[in-house]
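Take a look at the structure shown here.

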There are 2 protein chains.
Amino acid sequence: MSDETPRKVRLVIAEDETITREMLARLLALEDDIEVVGTASDGVKALTVLRHQKPDVLLTDINMPQMNGIDLTNTLRREMPDIKVVILTIYNDDDRVFAAIKAGARGYVLKDSPPEETIAAVRAAGKGEALLHPSLVSRVLSEFGRLSTQKAADNAVFAELTDREREVLTEIGKGRRNKEIADRLFISEKTVKNHISNIFAKLEVNSRAEAALLAARQGLV
Amino acid sequence: MSDETPRKVRLVIAEDETITREMLARLLALEDDIEVVGTASDGVKALTVLRHQKPDVLLTDINMPQMNGIDLTNTLRREMPDIKVVILTIYNDDDRVFAAIKAGARGYVLKDSPPEETIAAVRAAGKGEALLHPSLVSRVLSEFGRLSTQKAADNAVFAELTDREREVLTEIGKGRRNKEIADRLFISEKTVKNHISNIFAKLEVNSRAEAALLAARQGLV
DNA sequence: AACTCTCTCGTCCGACAGGACGATTGTATT
DNA sequence: AATACAATCGTCCTGTCGGACGAGAGAGTT
């Protein structure tokens with residue numbers, strides 16, 4: 001009853017090479033549930049098209065004149081966050097893959113993959129899902145684990161801190177000096193120093209810079 | 001030439017419900033490229049089987065007696081890191097999904113998904129790839145972005161830094177003092193101070209703690 | 001009652017940081 | 001040739017930091 005007339009996924013394609021762009025457009029237009037509502041040959045032109053068409057999904061290359069696909073994704077994330085982005089590129093390095101994901105891309109397809117994968121990724125994006133090539137998923141998962149285990153590791157030492165020490169540490173993380181911290185917490189500078197000494201001991205660091213870094217990693221700042 | 005005799009994926013299944021376990025074993029054994037070399041009804045027994053069989057992939061439930069699937073994955077990661085883990089469960093909440101991934105799982109299939117998905121996940125794991133349900137991928141990507149964001153924001157100011165200043169900033173981010181930095185970079189402490197002054201000015205901060213934080217957000221540390 | 005932990009405040013002091021002046025050299029650009 | 005910038009090094013000085021001693025009050029535990 002809800003999907004008796006499945007609304008088509010409205011798609012815009014950004015790709016600088018004319019042949020590739022046109023091929024993509026025609027190929028994707030063949031799908032019953034996809035409607036290509038615009039194309040663009042660079043990032044800036046793509047923005048114009050996107051603003052007018054307000055599509056569901058953007059399929060974009062990374063390497064383009066004027067504005068590359070990742071910057072475009074970043075811009076889109078701020079300006080039109082509802083538009084899902086699928087990256088289609090030849091680049092397979094971690095830097096670009098992670099950058100794209102951080103920028104908000106919800107699909108990442110390699111150009112040497114079969115067209116079905118591109119179609120599936122666009123379709124998934126249209127449904128609010130995400131589709132990455134399995135080899136990419138694996139790398140993202142590894143990085144994910146790396147990012148969040150380090151956080152968990154720091155968690156242990158942070159647990160030793162008292163509430164007051166945590167407050168002081170937060171202030172340190174804001175780059176404040178002892179006197180400032182004292183004024184803000186309505187205690188003497190001496191007390192601040194005591195807390196800081198204790199914090200250093202518990203966190204096993206020797207300077208406020210290091211402490212600030214730990215605080216940052218822990219999300220205190 | 002390399003895949004004339006594709007080696008079968010050796011699989012162990014851990015699942016406490018007998019019916020489900022047997023069904024899974026028989027279903028997966030039907031695949032030409034999968035060989036079920038063992039089953040277990042709880043986490044502890046699974047460990048024993050795994051130690052003997054050294055399979056390529058473990059397909060495991062989360063909710064099991066003795067030892068649950070996530071703890072099992074964690075143990076496996078330390079003891080036999082080569083064994084890929086695919087989680088098969090009814091749980092779909094972020095906590096468990098993320099916990100499983102942090103533990104090192106490289107596949108996560110929901111029990112209400114079609115069997116093909118389980119098969120595909122096992123197959124992907126066997127190839128060192130990862131397969132998650134698209135809706136899970138989407139959530140992992142979001143969390144991933146959340147964990148490692150901000151960055152690009154400060155890019156502008158960082159661009160002003162010279163290479164040498166960036167080096168010095170990196171050292172600051174490690175909590176080193178001026179003299180240490182000087183020794184490491186083979187320059188005088190005075191020069192370090194100069195660089196630091198310039199860094200502060202360019203980053204518009206007043207202390208090394210703040211500078212360290214920016215460096216951290218920028219990924220310099 | 002004795003103990004432990006947290007938070008509070010004090011003095012003294014050496015070490016370090018960072019700003020205020022300065023300067024020279026080399027390289028790249030105009 | 002002139003200009004600009006990056007990198008290097010110098011002295012002086014003030015302020016802050018952080019450790020080394022200290023101690024007292026209050027809450028909670030054993």
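What follows goes from the protein chains to the DNA strands.

This is a predicted model. Begin with chain A. It holds ten helices and six strands. The chain has 221 residues, and 49% of them count as buried. Take the contacts in chain A between residues at least 6 apart in sequence: 63% of these join residues at least 24 apart.

One helix of chain A shows burial in detail. Helix α4 of chain A spans residues 94-103. Its buried residues are A:Val97, A:Phe98, A:Ala100, A:Ile101 and A:Ala103. An α-helix has 3.6 residues a turn, so residues three or four places apart point the same way. Just after α4(A) comes A:Gly104, with a positive phi of about 115°.

Now turn to chain B and its sheet. Six strands of chain B make an open sheet. The order is β2-β1-β3-β4-β5-β6, and the pairing is parallel. At the edges sit β2 (34-40) and β6 (131-132) of chain B, each of which pairs on one side only. Strands of a sheet pair through backbone hydrogen bonds, either parallel or antiparallel.

Look at one pair of strands. In chain B, β4 (residues 84-89) and β5 (residues 107-110) run parallel and are joined by four bridges. Here B:Leu88 of chain B stands opposite B:Val109 in β5(B). A helix packs on this sheet: α1 of chain B, residues 18-29. Helix α1(B) touches β1 (9-14), β2, β3 (57-60) and β4 of chain B. The direction of α1(B) makes about 165° with that of β2(B).

A polar backbone atom of A:Ser188 is 2.7 Å from a phosphate oxygen of DNA strand C. The side chain of A:Asn194 has an N or O atom 2.8 Å from a base nitrogen of DNA strand C. From chain B, an N or O atom in the side chain of B:Ser197 is 3.2 Å from a phosphate oxygen of DNA strand C. The elements that give two or more residues to this surface are α7 (163-173) and α9 of chain A, together with α10 of chain B. Helix α10(B) gives the most, with six residues. The residues near DNA strand C divide into two nonpolar, nine polar and eight charged.

DNA strand D is the last stop. It is surrounded by 18 residues, and the closest are A:Arg177, B:Thr162, B:Ser188, B:Lys190 and B:His195. Of the atoms of DNA strand D within 4 Å of the protein, 62% belong to sugar or phosphate, and the rest to bases.

Both chains supply polar pairs here. A polar backbone atom of B:Ser188 is 2.5 Å from a phosphate oxygen of DNA strand D. B:His195 places a polar side-chain atom 2.8 Å from a phosphate oxygen of DNA strand D. A polar side-chain atom of A:Lys190 lies 3.3 Å from a base nitrogen of DNA strand D. Two or more residues each come from α9 (189-203) of chain A and from α8 (163-173) and α10 (189-203) of chain B. Which element gives the most to the surface near DNA strand D? It is α9(A), with six residues. The residues of this surface divide into two nonpolar, eight polar and eight charged.

Conventions
Residues numbered from 1 in each chain as written. Chains lettered and ligands numbered in written order. Predicted model: local features only at pLDDT ≥ 70, side-chain atom pairs only at ≥ 80, totals over all residues. Heavy atoms only, no water. Pairing = 2+ DSSP bridges. Contact = heavy atoms within 4.5 Å. Axes fitted to C-alpha atoms, helices over the stretch in contact; angles between N-to-C directions. Near = heavy atom within 4 Å. Polar contact = N/O pair within 3.5 Å; in protein donor to acceptor, adjacent residues only side chain to side chain. Nonpolar A, V, L, I, M, F, W, Y, C, P; charged D, E, K, R; others polar. Buried < 20%, exposed > 50% of the residue type's maximum accessible area, 1.4 Å probe, protein only.
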